[in-house]
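Reader: Before I set up any calculations on this protein, I would like to go through its local features with you, one question at a time.

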Amino acid sequence: MSRSIGHDLTPALVALLSQRDLAALLGQAIPVVTVDGRGQPHPMLASYLELRATGPRSIRVVVGASSRTAENLEARGAATLLLVDASRTVYVKCRATGAGGRWGPLVRFDLAVEDVLEDTPAAWEAGLRITGGIAYAPPPALDSPPARAVLDLLDLD
């Protein structure tokens, strides 16, 4: 059952999404859900490379400029990030406040955090737990040109 824990990312979530420990988080995926033109959820898998919290109320995300996710963020603005792993299940509901930069095939969106929900087991789920999140391999080298492009775009002000 999920419950709102506020309109701001907690300090632990800001730290998780800050990229301060990016190398350790590579290989873990984050589902990002937007809303398409028919009002249906549209999922995308992102990585910690493509997301950066810049404070408790703001997250930057880099996506493909011609992707449906970019189209959905531009047109409707709603996004939900699912942070699911063995230590947490958190849903971060956001609103895109506009595109913040473009580099070739990539575009950055600035997301304003609107609600943070924590999912905890119901009484009948006692003893059940998530054992891991979505993982991918091999993780990219942080000094590779594609990774540098994403990181540079996240840095743009």
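Author: A residue is called buried here when its relative accessible area is under 20%, and exposed when that area is over 50%. The model is a predicted one.

Reader: Is T89 buried or exposed?

Author: T89 is found in strand β7, which spans residues 88-103. Leaving aside residues up to four places away in sequence, T89 touches L83, V84, L117, E118, D119 and I130. Because its relative accessible area is 15% and the cut-off is under 20%, T89 is buried.

Reader: What is the volume of the largest pocket, and which residues are closest to its centre?

Author: The lining of the largest pocket divides into five nonpolar, three polar and five charged residues. The volume of this pocket is about 250 Å³. Of the 13 residues that line the pocket, the closest to its centre are T89, P121, L128, R129 and I130.

Reader: Turning to helix α3, why are its buried residues on the same side, and which strands do they pack against?

Author: In α3, which covers residues 68-75, the buried residues are T69, A70, N72 and L73. They cover an arc of only 165° around the axis, so they lie on the same side of α3, whereas R68, E71, E74 and A75 are exposed on the other side. An α-helix has 3.6 residues a turn, so residues three or four places apart point the same way. The buried residues of α3 pack against β2, β3, β5, β6, β7 and β8.

Reader: Which residue with a positive phi follows α3?

Author: The phi in question is near 80°, and the residue that follows α3 with this value is G77.

Technical notes
Residues numbered from 1 in each chain as written. Predicted model: local features only at pLDDT ≥ 70, side-chain atom pairs only at ≥ 80, totals over all residues. Heavy atoms only, no water. Helix = DSSP H or I, 4+ residues; strand = E, 2+ residues; numbered from the N terminus. Buried < 20%, exposed > 50% of the residue type's maximum accessible area, 1.4 Å probe, protein only. Contact = heavy atoms within 4.5 Å. Arc of directions from axis to C-beta. 1 Å grid on protein atoms, 1.4 Å probe; cavity = no way out; pocket = protein on both sides within 12 Å on 5 of 7 lines; lining within 4 Å. Points joined across faces, edges and corners; volume = space filled by probe spheres on them. Nonpolar A, V, L, I, M, F, W, Y, C, P; charged D, E, K, R; others polar.
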